[in-house]
Amino acid sequence: MREIQASTITDVVEKLCIEANYHLPEDVKCAITGCRACEDGEIAKGVLDKIVENYEIADAQNVPICQDTGMAVVFADVGQDVHIAGAFAEAVNEGVRRGYTEGYLRKSVVRDPLDRVNTGDNTPAMIYYDMVPGDRIKITVAPKGFGSENMSRLCMLTPAQGLEGVKDFV
C-alpha cells in the first residue's frame, strides 16, 4: 500500500489549475492549425489565426488563454492500493483555491445558483473519482468555462408543437 499525503494532492492540483488555463495541449494546437490549413473561408481563417495568436501569447507570457477560466473540473483515477493521508476533496479544493489565486485566474463559481453569491475562491471543484488498479493517483484538471451557459435556454416541446414550436422557441 502506497501512502500519498493530501498536501501533495493540493500542490499538484494548484499547478494543474494554472497549467490548464495558461497552455493548450499540443494535440489541441495541432488540431487548430490543421483546421486552419484546410479552411477556405476568409472569415474563418481570420478567426483561427486569432485563436493561434492568442494561445501563442498565452504560452509566451504565461497568462490565461481566455478570461473565462471557468470552474475547475477534476478527474481522479485513484489506485486501489493507495492510502491518502488526509481528506481528498479538501485537498483538491485547497489546490483549486491556491491555483486560482496564485495564477490570477478569474473566480466565477457561485455557492448557490439561486442566490448567485460568488465563493471568492472558485471552490468547490467538480470532482469525479474512478477507482483503478495500482498504487498511483492520476489527476486531470479541465476548466469548464461558463460562457456557453450564460444565455442558454431549455424548453420541452410537445410533439404536437412540431417545427413551428421549435421556430417559436428559437
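This passage walks through the overall build of a predicted protein model and then turns to one residue, Ser 108.

The protein chain contains 6 helices and 5 strands. Followed along the sequence, these elements come in the order β-α-α-α-β-β-α-β-β-α-α. The radius of gyration of the protein chain is 20 Å, well over the 15 Å given by the globule rule for 170 residues, so the chain is more spread out than a compact globule. In terms of dimensions, the C-alpha trace spans about 60 × 45 × 35 Å along its principal axes.

Of the contacts between residues at least 6 apart in sequence, 78% join residues at least 24 apart. Buried residues account for 30% of the 170 residues in the chain. The accessible surface amounts to about 11000 Å², and carbon and sulfur atoms contribute 57% of that area.

Is Ser 108 buried or exposed? Its relative accessibility is 17%, and because the cut-off for burial is under 20%, Ser 108 counts as buried. Leaving aside residues up to four places away in sequence, Ser 108 touches Gly 70, Asn 118, Asn 122 and Phe 146.

Conventions:
Residues are numbered from 1 along each chain as its sequence is written. This is a predicted model: local features need pLDDT of at least 70, side-chain atom pairs count only at pLDDT 80 or more; totals for chains, interfaces and linings use all residues. Side-chain values use heavy atoms; hydrogens and water are left out. Helices (H or I, at least four residues) and strands (E, at least two) are DSSP runs, numbered from the N terminus. The radius of gyration is taken over C-alpha atoms; the globule rule is 2.2 Å times the number of residues to the power 0.38. Buried means under 20% relative accessible area, exposed over 50%, partly exposed in between (1.4 Å probe, protein chains only). Contact means heavy atoms within 4.5 Å. Accessible areas come from the Shrake-Rupley method with a 1.4 Å probe; for residues, only the protein chains shown count as cover.
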